[in-house]
Each structure stands twice: as C-alpha cells, then as structure tokens.
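Dear colleague,

Please find below the structure that I am handing over to you. My findings follow directly after it.

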Amino acid sequence: MATVVKLHLFPESLNRHRTRLLGRGFGLCPSPGVLGFGHNCDGFSVRQCRAFRTEDDGDVKEKKSRNLKKNEVNSKGENGFWSSLKSILLRNFMVGSKSDDEYRQAVVKVEGLLSSIAIQIGRYIVTMMSTGVILSIGFQMSGGDSQMDALIWYSWLGGVIIGTMIGANMVLEEHCRAGPRNVVITGSTRGLGKALAREFLLSGDRVIVTSRSLESVQATVKELEENLKEGIANAVGSSLTKLSHAKVVGIACDVCEPHDVQRLADFAVKELGYVDIWINNAGTNKGFRPLLQFSDEDIKQIVSTNLVGSILCTREAMRVMRNQANAGHIFNMDGAGSGGSSTPLTAVYGSTKCGLRQLQGSLLKECKRSNVGVHTASPGMVLTDLLLSGSTVQNRQMFNIICELPETVARTLVPRMRVVKGTGKAINYLTPPRILLALVTAWLRRGRWFDDQGRALYAAEADRLRNWAEDRARFSFTDAMEMYTENTWLSVFSLSVVCAFIILSSTGNNMPGT
Amino acid sequence: MAATTTLSFNFPYSTLSSESKLSLSSPSQFKPYTVASRQNVCISTTATLSVSAFRNPTSPMFLATASRNAEPMLPPFNVLITGSTKGIGYALAKEFLKAGDNVLICSRSDERVESAVQSLRVEFGEQYVWGTKCDVRIAEDVKNLVSFAQEKLKYIDIWINNAGSNAYCYKPLVEASDEDLIEVVTTNTLGLMICCREAIKMMVNQPRGGHIFNIDGAGSDGRPTPRFAAYGATKRSVVHLTKSLQAELQMQDVKNVVVHNLSPGMVTTDLLMSGVNTKQAKFFINVLAEPAEVVAEYLVPNIRSIPANGSKKPTYIRFLTGLKAYSQIFSRLAFGARRNRYILED
C-alpha cells in the first residue's frame with residue numbers, strides 16, 4: 001500500500017519541477033525561443049518518468065530515503081533544477097545498474113550539453129532583440145521610404161546571416177575544445193615542455209611528463225599538481241568541471257633509449273588508456289660555437305636526442321595510436337634550420353631539425369590512410385636554456401625583439417594543438433603578423449628581457465607563475481590579431497556577398513524608374 | 001634615412017644592407033616565416049650578426065692558418081674515402097687510383113678492408129693504397145683514422161664522406177626495429193658530423209688545404225621518402241650540415257677548407273637493391289639507376305677538377321641531374337628503353 005502512495009508522489013514532484021522551470025524561463029526572456037527550451041526539458045523529464053516506472057520492484061526503504069533526499073534538494077531553491085535533475089538521474093541509475101560510474105559521466109555530459117544549448121539560445125535571443133531595436137530605429141529614421149526600408153531589411157538579413165555563421169563557428173569551436181585530451185610530452189620538466197604541460201593541464205587534459213632524470217620528473221609532477229590545485233581553487237562554473245578530469249603523471253624516459261620509449265608508451269596506455277596528442281619536444285643544443293669546438297659527447301647527445309629520439313618516439317606513438325579507436329596526433333618540434341636555411345654555429349642542431357622536416361614529409365605519406373596525424377609545431381624563439389646557454393650579449397639584445405616567455409608561447413600553441421584535425425598541419429607561434437609586430441615595435445622592445453649588459457630582467461619562473469592567474473585572463477593583442485586573421489576572411493566574404501546582393505537588388509529596383 | 005639609422009643603432013649586429021636583404025640572426029629555434037622559409041623564398045636566416053660576435057681573430061686556429069703560406073694543390077691527390085670496401089665507395093677508390101692518386105680506404109670490418117686493399121694493390125701497385133678499420137660512429141676510430149692518414153700520407157686533399165647505411169631494409173617506420181633506426185641515424189648523421197669535424201680540424205692546418213665531399217641520397221632535396229623515412233631524414237640533414245659548415249667556414253674566414261656535396265644519384269648497390277619489392281621501385285631503378293663504376297667514372301674527374309683548378313667555391317656535383325632523369329623517364333615511356341635492365345618487371 002505504502003509503495004503505491006509513494007509512486008504516485010514521484011511524478012507529482014517532477015511536475016512541480018517542470019512548471020517551476022518553465023515559469024522561470026518565461027520570466028527571463030519572453031520569446032518563442034524559450035518554448036524550444038521548455039520542450040527540450042519536457043522530453044527529458046518524460047523520459048525520467050518512464051525510468052521511474054520501470055523500477056517498481058525497488059524496495060520501499062530505499063525509496064523513502066531517496067524521497068527524503070530529493071525533498072532536501074528541492075528545498076535548496078535557486079540552483080535547484082540542474083542539481084536535482086542530476087541527482088534524480090544518478091539515483092535512478094545507481095539502483096538499476098551496476099556501472100554507476102558510466103552513468104555519472106553520462107549525466108555530466110548531458111548536463112554540459114543542455115547548459116551550452118541554453119547559453120546559445122540565450123545569446124541568440126539577445127542578439128535578435130538588439131537587431132530588432134536597431135531595425136526599428138532604422139525604420140524610424142527612414143521615414144517610410146520604401147527603398148530605404150528594403151535596404152534596411154536586406155542589411156538586417158545580411159547581419160543575421162553573418163552573425164549565424166560566426167556563431168556557428170564559435171559553437172563548433174567550443175564543441176571541439178571540450179573533452180579532456182590525453183597528452184604525452186617528452187622532455188617536459190623544464191622550458192617550453194613544462195609550460196606546454198602546464199597549459200594542457202589547466203585546459204583540463206591528462207598529461208604525462210617525462211625527462212631523463214626521475215627526480216626532476218617527480219619534482220615537476222608535484223609542481224604541476226600544485227598548479228592544478230590552484231587552478232581548481234580559482235576556477236568557477238564550467239571550467240571547474242573541465243578541470244575535474246585533469247591529472248598529471250610522470251615517468252623517467254631517455255628518448256634515445258628504445259626500451260625507455262617503449263616503457264613510456266606502455267605507461268601512457270596503462271595510465272590513460274589511449275593517447276590523443278604526443279609531442280616530441282625533447283631537444284638539445286649544446287651552445288653556440290663552430291662544429292670544430294663541439295666535443296664527441298656533445299654531438300652524440302644532440303643527434304641522439306633530436307633525431308634518434310624523435311624518430312623512436314614517433315614510431316612508438318604511431319604504434320600506440322594505430323591500435324586505438326580514436327585518432328591520435330603526433331607533433332614534432334621545429335627549430336632553426338627546419339626551413340633548410342643554413343645555421344652556422346649550431347650546425348649539428350640545425351641539420352637534425354632539417355632532417356626532421358624531411359621525416360615529416362615521409363611520415364605524411366606513410367600515414368596517409370591511418371588514424372594517425374603527423375604535425376609540426378614551431379615555437380619560434382623561446383627564452384629557455386636551449387637558447388640562452390652560450391648566447392652572447394649581442395645575441396641577447398636581439399632576443400629582446402623576437403623572443404617570448406615559454407608560458408606565452410604555450411598559451412598560443414596549446415589551444416591549437418588541442419583542436420588539430422587531419423594530418424600534416426603546422427602550428428607556428430611566429431606567424432607573419434607576430435613578426436611584423438615585433439619588427440614594428442622593435443624600438444619599444446629594447447630591454448624587454450635583457451639589459452645592455454645581457455642581464456636577465458624577466459622574473460624567475462616561480463614569480464611568473466604567481467602572477468599567472470591574472471596574466472592568463474589578460475587580453476593579448478597578438479592573439480586577437482591571430483583570431484582576426486582567421487575569422488576575417490569569413491566575414492569579408494559574407495559581407496561582400498551581402499553587399500553585392502544589396503547593390504544588385506537596389507539597381508534592379510532603380511532600373512524601371514530611370 | 002632616419003629609420004635606417006634608428007634600426008642600425010637598434011641592432012648593431014644585424015646588417016640591414018643596401019640591397020634591403022633583411023638578415024636576422026638565428027642561433028636557435030627561429031623560423032620566422034613558415035610558408036616562405038619552406039619554399040626558401042623570403043627572409044633568409046643567415047646569421048650575419050654572429051660574424052662579428054664569433055669571429056675571434058686571436059683564436060689559435062686562425063693564427064695557424066694565417067701564418068702558413070698556402071701551397072697550390074697539385075695532383076696526385078691524397079684521397080680518403082669512408083665506407084669504401086664495397087659499392088660506390090669502392091668504385092670511387094678504383095677510379096681515383098686509375099687517375100694516379102693515392103687512396104686511403106676504410107670500413108667497419110677489418111676483413112673487408114684487408115681484402116679490398118689486397119685486390120686494389122694487386123691491380124694498382126703497393127704504394128698507392130692504404131686501408132684501416134674505422135667505424136665512423138665512434139669518434140675514437142675517426143681520430144685514429146686521421147692519425148693513420150697523417151702517418152701514411154702526411155696530408156689529405158680530398159676527404160669523401162661516403163659511409164652511409166639504410167640497415168638494408170625498406171619498410172614503414174612503424175615496423176622498423178630499434179637497432180635499424182639507431183644504426184641509420186648514427187652512421188649517416190653522427191658519423192658524418194664527427195668525420196666532418198675531424199676532417200676540417202686536420203685540413204685547416206695543412207698547407208695545401210683540403211676539400212670535403214659529403215654524399216647525399218634520397219630525400220636530400222626535402223622530398224618525402226616513404227618506406228625509408230629515417231634514411232631520408234638523415235640525408236636531408238647531410239645537405240643541411242654541408243650548408244651550415246660552408247657558412248661557418250666563411251664566417252671564420254677559413255679559406256683553405258671547402259665542403260662540397262656530392263650526389264651519385266641512384267646506384268645499383270646493396271643499399272638500393274635491398275628495396276626492390278614494389279612495382280614502382282623496380283620501374284625507377286631500371287630507368288634511373290646506374291652501376292657504381294659508371295657513376296664513379298663521371299664523378300671522379302669532376303671531383304679532381306676542383307682542386308686542380310684551385311677553386312675554393314663550394315659545389316654540388318650531381319650525377320643524376322633533373323634533366324637527365326626526366327629524359328630517361330621519357331625515353332622509357334616513349335620507346336621502352338631500359339626495361340628489365342637490372343630487375344625483371346612484370
């Protein structure tokens with residue numbers, strides 16, 4: 001008897017949810033768009049009801065307690081709907097099935113999807129309302145001239161088309177960015193590798209750091225975990241859920257030792273299951289001097305780290321990625337000499353990097369019909385030990401103009417690496433607009449990193465990271481320029497189409513008159 | 001005008017020359033203009049700046065070269081060829097001997113050196129041929145080779161870096177074994193670098209100076225080489241190393257040592273013939289490849305003419321030029337010439 005009563009109670013409370021939600025939705029934005037939103041939720045809750053009915057045979061006690069819990073959730077009020085929906089889903093499936101982890105993940109996914117849909121619809125409504133306002137102002141000003149009215153309508157239409165295109169682009173991009181990636185970065189306990197690892201980690205990815213020495217790997221893992229904790233402490237909303245998947249693990253690996261590389265690949269598969277992105281970042285250059293002054297050991301290390309290491313790691317990564325369901329991407333780091341121009345004083349380094357570029361071409365052909373993408377990433381000039389060891393005062397003056405901190409470079413490279421598709425892409429930091437900017441502002445960049453005597457003026461890594469949170473949020477002019485060049489063609493194209501349309505239609509209207 | 005002054009004040013090391021060729025120094029990771037640099041067009045990254053920074057007139061090496069008066073290089077030449085007990089190295093050695101030069105051969109295996117020296121001595125006489133074991137991957141061996149050369153021949157005029165390996169297998173990188181990859185890279189790149197360094201070190205102090213020839217291979221033009229990716233990458237790096245060394249020597253004002261590239265094209269040696277298992281490979285080998293003797297016959301007079309003319313300009317001697325290759329492909333397609341020349345095609 002008691003069971004029956006309680007079962008009746010469930011749909012009631014659900015109904016309550018629904019009406020409350022709908023009321024809220026209408027209160028916020030009174031427009032037809034909201035109906036779609038409501039329908040969406042409707043469909044959702046109906047499915048829930050069905051789920052409730054199927055597990056009639058659940059025992060009474062548990063349901064009682066669940067009911068109580070649910071009431072608690074209801075009483076929380078403001079952030080009620082999402083959390084309660086989540087908890088309903090959770091509790092349902094927890095009883096019904098054994099693998100509750102899976103369902104928890106599914107719920108998180110559904111939640112994310114719904115909220116992003118709601119956000120997009122909200123944006124759309126706001127945009128439409130503002131266009132409506134502008135439209136009405138336009139009509140007011142035109143004063144009933146029919147040609148002007150037509151022009152206003154056309155431009156409105158054009159605006160809507162452009163806006164939709166850009167919006168769709170944004171949505172797609174956001175969709176691409178979602179989801180944690182599994183990343184392996186070699187040589188990632190200092191310099192650019194570490195900055196890349198940190199950036200991936202704070203984008204919510206699972207990262208494996210490696211280096212030759214176990215101690216530095218452990219220290220780096222600890223440090224990055226600290227960074228992640230700070231990131232979680234500062235994060236709010238969706239970025240928090242994003243960061244919840246992030247983790248960092250490390251293993252010692254000398255990239256020129258085949259067994260080490262094998263071990264790294266096994267470790268990656270064991271820890272992460274599969275690898276999305278494998279970055280061959282390990283590279284070395286023993287100072288700047290003529291070949292005659294390089295010792296045997298130096299040459300051997302440079303060749304084996306840069307060339308042997310990259311080839312072995314690439315091969316191992318390809319082996320891992322061929323056996324996994326989803327596509328994998330391998331990045332080899334470009335350096336001076338990649339383009340084929342001579343690199344005196346770093347002849348060994350340059351020729352290894354040049355060889356890697358040719359390797360890239362061969363691999364592209366070999367991997368044509370597989371799920372492995374081979375790419376190159378070019379960080380430009382980065383203020384790391386690789387560049388600074390053995391540089392002279394004159395060199396350092398030049399570094400002022402073109403060099404960047406590893407964090408800056410990583411912040412630009414990582415988002416692109418995460419959304420890379422296909423194969424054979426080149427992700428570069430020093431793109432033409434950046435070079436142009438550097439050359440134009442060369443005068444202002446004097447003494448940016450080094451003073452006249454070649455002493456470093458920039459903060460140590462720890463201090464840089466302390467200011468990192470606000471630094472991250474800061475608007476970067478060069479990034480904006482990059483984004484501009486990417487979207488600009490789309491906008492220009494659609495604008496020109498609209499203009500042509502308007503001109504054609506207006507001349508068409510004028511023709512009979514003249 | 002004002003702008004130029006500002007700029008030159010700004011970077012005193014970089015030269016904004018009147019031809020408006022913009023030179024940026026790039027001691028390390030710097031790829032300024034991806035698209036352009038890939039096509040070798042726009043901004044060249046030669047390190048003009050470093051000339052002043054690194055040219056150190058007081059360093060002992062320059063004093064040594066400056067104080068010695070250079071002697072003209074006259075035949076007979078002393079020639080050292082690495083990896084010269086078989087294939088193209090052996091053919092080159094033979095050809096140099098025919099021209100009356102003294103030749104020093106070497107290779108990884110003692111027995112092969114022994115037998116090669118024996119057969120060459122039988123053919124050309126005792127006093128012209130020497131041989132020693134040298135694994136180019138081991139720096140100690142290369143140093144021993146240099147002292148052996150100095151002991152037997154006093155000086156070396158022409159040093160040919162011919163030792164190269166492909167581990168004699170052609171397969172995708174994914175299937176390549178660790179040992180093969182390491183052998184390919186260490187022989188072709190590390191070995192070559194060590195040899196170049198030792199050769200330059202030795203030749204800088206020779207009154208006659210010297211010429212170094214690096215042998216390129218498939219992939220050195222930057223074109224992809226699927227099925228032997230590692231080999232292609234190393235050969236690409238050979239060409240780049242030559243280029244960098246030329247720039248370095250010029251920067252250091254070393255006039256008596258010149259580094260050249262040598263391209264034998266496709267030669268029917270073990271290295272190439274181990275890869276004939278596809279239809280495409282068979283076609284190209286039949287059409288383009290030549291026996292080592294033919295290649296050597298062409299290359300050696302060209303190599304010898306460089307020191308004989310007293311030329312100090314870096315060169316790139318090619319046996320299989322583009323025109324030749326295309327005309328051979330054309331005659332094959334048009335008249336069926338060279339079909340089944342070495343390998344039976346189906």
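In this predicted model, helix α11 (residues 279-288) and helix α13 (residues 322-335), both of chain B, have axes that come within 9 Å and cross at roughly 110°. Angles of 65 to 115 degrees count as roughly perpendicular, so α11(B) is roughly perpendicular to α13(B). The handedness of the crossing of α11(B) and α13(B) is right-handed.

On the side of α11(B), the contact involves B:F283, B:F284, B:V287 and B:L288. Their counterparts in α13(B) are B:A325, B:Q328, B:I329, B:R332 and B:L333. By class, the residues of this contact between α11(B) and α13(B) comprise 7 nonpolar, 1 polar and 1 charged.

I would also draw your attention to B:R338, which is located in the segment that follows α13 of chain B. Leaving aside neighbours within four places in sequence, B:R338 is in contact with B:N286, B:V287, B:L288, B:A289, B:E290, B:Q328 and B:R332.

Finally, with regard to B:W130, 208 residues apart from B:R338 along the chain, the C-alpha atoms of the two residues are separated by 38 Å.

With kind regards

Conventions:
Residues numbered from 1 in each chain as written. Chains lettered and ligands numbered in written order. Predicted model: local features only at pLDDT ≥ 70, side-chain atom pairs only at ≥ 80, totals over all residues. Heavy atoms only, no water. Axes fitted to C-alpha atoms, helices over the stretch in contact; angles between N-to-C directions. Helix = DSSP H or I, 4+ residues; strand = E, 2+ residues; numbered from the N terminus. Parallel < 35°, antiparallel > 145°, perpendicular 65-115°, else oblique. Left-handed = near helix turned anticlockwise from the far one by under 90°. Contact = heavy atoms within 4.5 Å. Nonpolar A, V, L, I, M, F, W, Y, C, P; charged D, E, K, R; others polar.
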